[in-house]
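Thanks for coming, everyone. Please have a look at the structure on the screen, and then I'll walk you through it.

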Amino acid sequence: MGFNEFLTKIFGNKSQRDLREINPYVEKIKAAYPAVAALSNDELRALSAKLRTQVQASVSEERAEIERLKAGIEELEIDQREKIYSEIDKIDKHILDKLEKALDEVLPQVFAIVKDTARRFAENEFIEVTANQFDRDLAASHDFVHIEGDKAVYQNHWVAGGNEITWDMVHYDVQLFGGVVLHQGKIAEMATGEGKTLVATLPVFLNALTGNGVHVVTVNDYLSKRDSEWMGPLYMFHGLSVDCIDKHRPNSEERRQAYLADITFGTNNEFGFDYLRDNMAGNALDLVQRKHNYAIVDEVDSVLIDDARTPLIISGPVPKGEDQMFEELRPKVERVVNVQKDLASKLLIEARKKMASTDPKEQSEGSLLLYL
């Protein structure tokens with residue numbers, strides 16, 4: 001038996017280790033599911049709202065502290081601002097750590113909620129709930145939900161990618177497994193037809209609960225628009241806003257609002273170019289993206305390997321581009337360089353004189369110090 005085979009026999013191969021790590025999560029989801037499935041439609045939505053509040057409340061004190069620090073930062077001197085920004089960075093890291101723990105705690109219930117929402121849409125042509133303001137606003141712009149008195153009625157069929165679809169999917173255990181893998185920031189490899197798009201609904205929903213935004217990155221604009229329309233009702237049923245940047249012009253207010261949605265779909269190129277345009281913006285009001293939080297990349301091999309061979313390049317006008325500072329600054333730079341040369345030469349000459357006037361032992365020590 002070879003050494004590798006010996007190790008495999010003791011510790012198992014990569015797949016076996018992954019199974020041992022992820023299966024406990026799947027078992028917790030399955031254990032939480034019966035209680036979730038027994039809830040009424042209103043109770044189901046109330047549970048998701050409760051978990052959303054719970055996740056965000058876990059870092060409410062830290063977020064309040066950041067707002068307090070930012071409030072008076074413009075009045076401080078530059079060196080004092082650096083200390084404040086350093087403190088804010090530390091708090092931000094602490095927030096991420098706490099959110100990660102909070103999401104892990106609610107993961108079984110949240111995944112069970114998403115699965116049961118999918119089941120309810122698959123088994124019922126209409127789902128009736130008590131209407132809130134989000135439902136009323138949604139009904140004004142989407143035809144899969146309408147208001148009847150104090151009730152909001154969601155239907156299980158809608159248009160996605162130009163085609164009428166009827167929802168008929170419910171998550172299998174293997175898809176729950178894949179959802180946990182994606183939530184942990186790893187790659188989940190699945191064959192065509194195994195439900196990659198459905199798998200993504202689980203970690204997308206979970207990470208959207210933080211309020212920090214989730215990006216779903218696709219390889220072309222058809223998929224980004226189709227997936228936002230196809231999966232969107234599952235999220236919106238629970239009050240999560242959904243938008244697609246490919247539906248809006250670059251640098252527009254509509255695209256800025258799309259980035260403020262809880263879940264934002266888009267193509268890898270458009271996300272990339274918006275990032276580059278934001279780095280060229282001269283005013284904070286011109287930025288469209290907010291702080292990056294969590295992203296799922298569809299067909300990651302294509303996006304990060306194949307498409308990466310063609311870099312994103314952007315250019316734009318430079319204010320006062322005709323003004324060249326080279327000739328103005330060159331004499332000043334030359335004076336600094338010449339002073340440095342003179343000083344270095346002077347110190348070297350002095351060091352050699354001192355070394356020559358000392359005994360061999362001291363000279364050896366002096367050489368060592370000079371070398372260091």
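The side chain of glutamine 175 comes to 2.8 Å from the backbone nitrogen of tyrosine 172. That is a polar contact, meaning a pair of N or O atoms within 3.5 Å; within protein, one must be able to donate a hydrogen and the other to accept it, and residues adjacent in sequence count only if both atoms are side-chain atoms. A word on the source: this is a predicted model, where local features need pLDDT of at least 70, side-chain atom pairs count only at pLDDT 80 or more, and totals for chains, interfaces and linings use all residues. Residues are numbered from 1 along each chain as its sequence is written, and side-chain values use heavy atoms, with hydrogens and water left out.

Back to glutamine 175. Its place is in helix H7, residues 173–183. Helices (H or I, at least four residues) and strands (E, at least two) are DSSP runs, numbered from the N terminus. Glutamine 175 is buried, at 5% relative accessible area. Buried means under 20% relative accessible area, exposed over 50%, partly exposed in between, with a 1.4 Å probe and protein chains only. Beyond four places in sequence, glutamine 175 touches Val170, Glu194, Gly195, Leu198, Val199 and Leu202. Contact here means heavy atoms within 4.5 Å.

Next, the sheet. Three strands form an open sheet, ordered E1-E3-E2, with antiparallel pairing. Strands pair if DSSP finds at least two bridges between them. At the edges are E1 (126–130) and E2 (145–148), each pairing on one side only. The twist averages 25° from one strand to the next. Between E2 and E3 (residues 151–155) there are 4 bridges. Histidine 146 faces valine 153, and isoleucine 147 faces alanine 152. E2 and E3 make a hairpin with 2 residues between them, and glycine 149 in that turn has a positive phi of about 65°. Across E1 and E3 lies helix H3 (residues 41–57), at about 65° to E1. Axes are lines fitted to C-alpha atoms, for helices over the stretch in contact, and angles run from 0 to 180 degrees between N-to-C directions.

Now helix H9, residues 221–236. Its 16 residues reach 21 Å from first C-alpha to last, close to the 22 Å expected at 1.5 Å a residue. That expected span is 1.5 Å times one less than the number of residues. Where does H9 kink? At tryptophan 230, by about 35°, shortly before proline 233. The bend at a residue is the angle between axes fitted to the seven residues ending there and the seven starting there. At the start of H9, a side-chain oxygen of asparagine 220 comes to within 3.2 Å of the backbone nitrogen of tyrosine 222. Buried residues in H9 include Leu223, Ser224 and Asp227.

Those three names come back with threonine 218. Threonine 218 lies in strand E6, residues 214–218. Is it buried or exposed? Threonine 218 is buried, at 1% relative accessible area. Leaving aside neighbours within four places in sequence, threonine 218 contacts Leu223, Ser224, Asp227, Gly266, Thr267, Asn268 and Asp298.

Last stop, histidine 157 in strand E4, residues 157–160. Its side chain makes a polar contact with the side chain of asparagine 156, at 3.2 Å.
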